Amino acid sequence: MLHLQLFIIFFKVGLFGFGGGYAILPMIYQDVQAFGIISAEDFSNLVGLSQVTPGPIAINAATYVGVKSDGLIGSLVATIAVSLPSFILLLIALMFIKKFKENIVVQSILRGIKPATVGLMASAFAFMGGTALFKEYDNIDFLSPSMIINSADWLAVFIFILTFILIKTTKLGAIKLTLLGGILSVMVGIVLNMSF
């Protein structure tokens with residue numbers, strides 16, 4: 001039953017996950033939470049690991065969720081399920097692309113998909129920002145300034161701001177910035193443990 005659930009979740013993600021990458025993260029999160037497969041904290045770890053491992057986020061996410069839910073078999077089921085729709089749709093698209101390239105309906109559909117994808121990416125940004133920058137993100141009342149201040153993970157906020165500044169002022173790539181954030185966190189953790 002678990003394998004069927006994994007297959008359905010990730011086949012649906014592969015089929016309807018327009019925009020790829022961060023745009024599909026809210027869809028994955030909603031589905032895995034509905035089935036109780038992994039926790040919000042595990043999902044946050046998934047996002048971080050997807051950044052430091054090669055490959056598309058959807059495949060990394062499927063593999064991670066599959067491993068967390070049922071080891072190697074779970075990872076194979078989820079990874080195949082998320083990849084299968086793209087393979088099938090690409091074969092179909094290649095057969096019809098020349099014929100419908102200038103079709104007004106096809107152009108209208110693509111024009112509508114683009115802003116929806118931006119909305120999905122914004123939703124993923126809000127979710128990832130919340131889980132990365134706040135402790136116990138699910139329990140925060142964002143209308144309470146004192147709760148926001150008390151729930152903030154100030155090291156994470158500092159790393160976020162530093163990363164943003166470095167992106168704007170240097171030519172450091174995503175991998176280097178991700179590793180720099182990890183190293184900085186380890187160094188602060190060592191200093192704090194030594195001071196107590």
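Of the 196 residues in the protein chain, 30% are buried (under 20% relative accessible area, with exposed over 50% and partly exposed in between, using a 1.4 Å probe and protein chains only). This is a predicted model, in which local features need pLDDT of at least 70 and side-chain atom pairs count only at pLDDT 80 or more, while totals for chains, interfaces and linings use all residues. Residues are numbered from 1 along each chain as its sequence is written, and side-chain values use heavy atoms, with hydrogens and water left out.

**Whole chain.** Show the chain as a cartoon. Along the principal axes, the C-alpha atoms fill a box of roughly 65 × 45 × 35 Å. Among contacts (heavy atoms within 4.5 Å) with a separation of 6 or more, 51% join residues 24 or more positions apart.

**Main core.** Select Phe 10, Leu 25, Ile 28, Phe 43, Leu 46 and Val 65. These have the most contacts inside the largest nonpolar core, which has 29 residues. A nonpolar core here is a set of buried Ala, Val, Leu, Ile, Met, Phe, Trp, Tyr and Cys residues joined through side-chain atoms within 4.5 Å. Two or more residues each come from α1 (2-16), α2 (25-34), α3 (40-52), α4 (57-100) and α5 (104-133). The most come from α4, with ten residues. Now centre on Phe 10: leaving out residues up to four places away in sequence, Phe 10 touches Ile 28, Ala 61, Ala 62, Val 65, Ala 78, Ala 81 and Val 82.

**Second core.** A separate core of six residues includes Leu 133, Ala 152, Ala 156 and Val 157. Select Ser 151 next, in helix α6 (residues 145-151). Ser 151 counts as buried because its relative accessibility is 13%. Beyond its neighbours within four places in sequence, Ser 151 is in contact with Leu 133, Phe 134, Lys 135 and Ile 140.

**Helix α2.** Colour α2 by burial. Leu 25, Pro 26, Met 27, Ile 28, Tyr 29, Asp 31 and Val 32 are buried there. That makes seven of the ten residues of α2, so this helix is largely enclosed by the rest of the structure. Gly 36, which follows α2, has a positive phi, near 65°.

Ala 156, Val 157, Ile 159 and Leu 166 are buried in α7.

Next select Ile 159, Leu 162, Thr 163, Leu 166, Leu 177, Leu 180, Gly 181 and Leu 184, which line the largest cavity. On a 1 Å grid over the protein atoms alone, a cavity is a set of points where a 1.4 Å probe fits but cannot get out, and lining residues have an atom within 4 Å of a point. At least two lining residues each come from α7 and α8 (174-194). The volume is about 40 Å³, where volume is the space filled by probe spheres set on the points, joined across faces, edges and corners.

**Last stop.** Ala 93 lies in helix α4 and counts as partly exposed, at 37% relative accessibility. The C-alpha atoms of Ala 93 and Phe 160 are separated by 40 Å.

How values were computed: Helices (H or I, at least four residues) and strands (E, at least two) are DSSP runs, numbered from the N terminus. On a 1 Å grid over the protein atoms alone, a cavity is a set of points where a 1.4 Å probe fits but cannot get out, and a pocket is an open set with protein on both sides within 12 Å along at least five of seven lines; lining residues have an atom within 4 Å of a point.
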